[in-house]
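I opened my notebook to look up a handful of residues, one at a time. Here is what I wrote down.

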Amino acid sequence: MTKNSAYKLGEPLNKKAIKAQWNAVYVKDEWRLIDVYWATTCVEINSGDTPGEIHMAKYTKRRVERKVKLEHREPVDECYFFTEPYHLVWTHLPDDEKWQLLPHPMKQSEFEKLVYVRERMHELEVEFPAKKNRRVNVFLKQGIGHIELDLPPKRSKFLRFKYVFYRSKGSMEDDKDVDVLLNNCVKMKQTGTNLFFDFDVPVCGTFNFEIYGKDANHPDLQEFDLMCTYSVRAPVPEKKLLPLPDNPDIGWGPNMTTLKSGIKPITHKKSKIVTDDGIIEIKIQAPKDSNLTMETRSGVVDDATLTKYVMLRWEEGHYIINTRLPKAGHYIMKINARNPKKDTEVENVLNYIIKHNGKQEVDNPFPHIENNALGPSENAEKLGVRAVFSETIVRTKKGNAIVEIEADEATEIKHEIDCTNEDARNAMMATASQEGRLHTYNMDLPVAGEYTLNIYAKKESNVVHVYSFLIISAGKQKKPLGNKSDRSKSRGSLSNRSGVTDFSNIPTTGKSNTPRLITKTFRTKEVELLVPAPDDTTNIVATLTPKDNQNETVNVAPLRKDGSNWFNVPLASIGEYNFDVITQNPDGSLNYVAKYKIRRLDINSAEANEPEQPAFDPDAHFKARAKKKQAMVQGLEEAIESKNAGMIEKAMMVYTANVSNNNQDQLLERAEQTLKALAVRKDLLNAYEKRHIPTLERRLNRARACNYNKILDSEIVLASRLLDRLNTLKNLRKEVMMTDTKALTELKRYTCPPAGIHEVMSCTLLLLGHPPWEIDTWPKCQGIISRTGKESIKFKMADFDPRDVPLDVALDGKDMIDPYSEKQIHDVSPTAAAFHYWGTRQLKEVEATAVSLGGKNFAPDDATELETIAESEGSDGTSTEVMPLTQENLNQFDKSTNQNGHAPGQKTSPLRPNGHGPPSTAHTQSQKPSTRPLSDRTGMTNGTSRTTPPLPPITPRGLYSNGSNTPSTLTPRGIKIFEYRNTKKKGFGNQRKLGIIPDWKG
């Protein structure tokens, strides 16, 4: 089977449709392959003059009609006579693998996936690099793709290539605005031994991509012919963008045409230029008589308007191009030159693609520069006009400048002075004088800024451009300009003799630049075009000049129609025209009112159906840009206020990409400092959760150092308190380990312990994890106390972690131990007093853990404010509401709970008649804990303990002194927790939540 005319590109093979025969002959001891049919009938040469060109005669619903020019000048194609097997296998696959005549035969599945290759590919010795790009189907990602071919080193400088990119017949989608410009979606670049094709397709569908080639140095290969064809599959793009406005035949970047013309890029040697602010300086080495010109186009700015943002000049052996592109998007720059050796017409020699990222958009157009080029025009030499000084950029520090030119006395010279600043235009003044051949222009430029001086000569009835200067004024100084003897000093000079002029520091006034010159591009298929004329047509001159023939300038007179003034512009032939509207002043000076570009298009051409370029309004654009920037600034400020790291990072990415990436930006610095503080906050919370004292100390010190705008105040307060508690527990643990185990013998001797001893030990064992039924009687408690080794109460107390105690269990222990103070227990048993001291401290830690940062369940990004309860109780016994976590509320909370968690002023219940209840007020005065070691305070030694009057027995569990099921000695928080626990009939488990648990309002 062969890939003949029935072969469908990129689709599975239909063996029945593409079956074929060819011959194998045995010659000189080897088999050779011949296909007579392909050599004489099947294959025709496509010259490439109009390969795949889309003629827009009419649209169909699904696709655009296309016509391909096919011709064949030779009777046979010799490539299919004794064809090399590895060449023929690209299009011919025999049923029997052995007749491929290859050492490693190709499978049918591989043959089906191969790109469609024709004989011209082998004739030019073009190869695929390392088996890349060999598959017929090319899948683009978001419209982006790449194809690369290798060229023979010895022949590459003679090879020329073209391509065609069009929607395939089988594609169900179409886009009329883009389909006519599909060739512009591909960027071709030929460099040395490589040929590159980059795709940037803004629409979805299936496309055919054909590559044509020729060898200009080979007599039989000097016409383009098809090399290979790909099937390109493009998905639906994220957003629709128009293709590039042009597709030059020589491709993009420096190439063989550039080298042959004597052009050498100095600063930009690649095809693509990327800029953040649109300001670019391109330096090109070229002969001065090559007369370089440039053309800049874009899909986002009108072509005529774009001429105000580019400038070309000759300076010290180089051509220099300066741009100030006003809007984000893609631009193209075509550079044309005349080859002085061949004296040929102007040809395209170099092309650039410019991408403006739009991070900084500035509306700063150049003043009106005729033809966008400083210095002399081609007409200057013909009319005998030259400048006295060679500088084309004049810089003056005193607001005055003098420019002199020489011309024949019979030549009438006119001038125009322009500035984009409205104040400067109103204040500027130029005085012209003539002495024989010398024309002098004395300019007074009191407002700082850029000005241009354009010189024109009157040729017959037309005015032609001969010279342009750029003057940079620093504005009027306090000192006067001086006398005529200082004239040579005021003429000005170039700001930088090295050939690089800095246009970024040009002085400007406070007002925004408002371009005076009207610019617009018209496209039409008609032979006449109506263009608006000024209301006042007095002394108005309108000239129409074909772009390709500057000598055929004609004047266009205004006419009155429908109550308005118009110019009826005649367009005799298809092509591009420059239409200028000028006013003549009484002093002989000129003012350009408008500069239009007019393209008369062939009705059958693709360009005739291109979408219109959007009108670019600088004022509206930059107002919208400023509004967008303000929204981004506000978004970053809101993200900072939210203290959400994810939101801040996202807002910073948008801000730096569109507003500013300057390290000195205060808002950006705020965001970075806030991010740093939030990262420190996260580390601090992790250390808080792990409760490792050295780590917590380090993180706490770092938090104090990075506490930007005091956003870590709450965390620092809570972490500091935790650190204090952990140090206390650490010391307590050391004292427990140092305690003499013989002191426990005192507790073991009790058969019926005094009041409070059983309760204190029950509280201790309950915290250590023993269930209530193991400690409800004193003998059971004695058995646990008597254990030794790792099961001893001493080791368990040393390994105790308050976080492992559920809050309801801690409240049960608090109910047991609250009625007795440490002093009361110490008077009965110093050893039991030590357990009382340990239990009260651990109960406080359990309580503090419950109302602190929240432990493992705390999520820094989910909480915007930590809360706790500042408790107080008035005379009516009502409790206060939840208060924010502030330093003042925390201090109040500490003050209110400084006595074992009791609120200030809380009264103990009186003794019940049966003698049960809490001790009398004489014994319940809490004492400030001593700073002595635990063994000294409790007397846990082998000495004899003191005896005191017996304490009243504790109230039985389940019945409280206030006559209810709620203990009267609980704090308001404890009462709420107790009531909630009894209502829900379930405990809290070992869960620590954010703030106070649970939410009582719910």
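Which residues does T519 touch, not counting residues up to four places away in sequence? I found D302, A304, T305, K308 and K595, where contact means heavy atoms within 4.5 Å.

A note on the source before going on: this is a predicted model, in which local features need pLDDT of at least 70, side-chain atom pairs count only at pLDDT 80 or more, and totals for chains, interfaces and linings use all residues. Residues are numbered from 1 along each chain as its sequence is written, and side-chain values use heavy atoms, with hydrogens and water left out.

Entry: T519. I placed T519 in strand β31, residues 518–524. Helices (H or I, at least four residues) and strands (E, at least two) are DSSP runs, numbered from the N terminus. T519 is buried at a relative accessible area of 13%; buried means under 20%, exposed over 50%, and partly exposed in between, with a 1.4 Å probe and protein chains only.

Entry: N208. I looked this one up in strand β12, residues 205–215. N208 counts as buried, with 14% relative accessibility. Leaving aside neighbours within four places in sequence, N208 is in contact with L9, V164, F165, Y166, S168 and Y230.

Entry: positive phi. D29 is not a glycine, yet I read a positive phi near 65°. D29 sits in the loop between β1 (23–27) and β2 (30–34) and is exposed, at 68% relative accessible area. K710, also not a glycine, has a positive phi of about 60°. I found K710 in the loop between α15 (693–705) and α16 (713–738), exposed at 62%.
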